[in-house]
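This report describes strand pairing and aromatic contacts in one protein model. The sequence and structure are shown first.

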Amino acid sequence: MVDGVLFVCHANMCRSPMAEFIARRLLRDLPVAVTSAGTDALDGAAMHPYAVEVAAGTGVDPAAFRTRRLRPEHLTRAALVLTATRRQRSVCTAMAPAALPRTFTLRQFARLAAAATAEAAEATEPIEAAPTAADSPLRAAVVAAVRARGRLQPATRDADDLRDPIGGSPADFRRCAEEIERSIRPVLALIGTAG
């Protein structure tokens, strides 16, 4: 397992590649690899043109991006798997059951990260991670979020699922990207706290 975040959506054409590019920008100062895949993706397709516009706004040229179909090894190698929907989370955990403890929807993990960060801010001791996570801020953040999971109420599908902008306007894609960025920011804060 590497210190990496894997974003997963349906076709790896809209939500997960936008999340990949946004996360790369936000996590650029951390030793974290960021990738994406799709549960039903066709290998080698181009990103949706509106998603390309969003990705280009991160300062990185997305022209070389190609979709990839999710495979079990993608899940087993990632320290954190963030999916667009509950359905995709279920597909991931069925494909690689060992990834269950580190697989969340993006919005779910954002809530957990915010709760864990708030808890850490109130604590006088730093976040303690499992021995395997001690040398990695990302893995320590996952451990802290898992601990917070038991203290939060389950959320509705609307609170967990990231709406697919496919078929929408450029504004729909921008709104989706804004939601992705809002969801990644608590993750970044938790990694900083855990590190």
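## Strand S3 and its neighbours

Val 8 stands opposite Thr 83 in S3. Strand S1 (residues 4-9) pairs with S3 in the parallel sense over four bridges; two strands pair if DSSP finds at least two bridges between them. Helices (H or I, at least four residues) and strands (E, at least two) are DSSP runs, numbered from the N terminus.

S3 also pairs in the parallel sense with strand S4 (residues 103-105), over three bridges, and Leu 82 stands opposite Phe 104 in S4. From S3 the chain crosses through helix H4 (residues 86-95) to S4 in a right-handed β-α-β crossover (with the strands pointing away from the viewer, the path from the first strand over the helix to the second runs clockwise).

## Basis of the model

The model is predicted: local features need pLDDT of at least 70, side-chain atom pairs count only at pLDDT 80 or more, and totals for chains, interfaces and linings use all residues. Residues are numbered from 1 along each chain as its sequence is written, and side-chain values use heavy atoms, with hydrogens and water left out.

## Aromatic pairs

The whole structure holds three aromatic pairs (ring centres within 6.5 Å; planes under 30 degrees apart count as stacked, over 60 as edge-to-face and the rest as tilted). One of them joins Phe 21 and Phe 65, with centres 6.1 Å apart and planes at 65 degrees, so this pair is edge-to-face.

The rings of Phe 104 and Phe 109 have centres 4.8 Å apart and planes at 55 degrees, so that pair is tilted.

Methods
Rings of Phe, Tyr and Trp (its six-membered ring) pair if their centres lie within 6.5 Å; planes under 30 degrees apart count as stacked, over 60 as edge-to-face and the rest as tilted.
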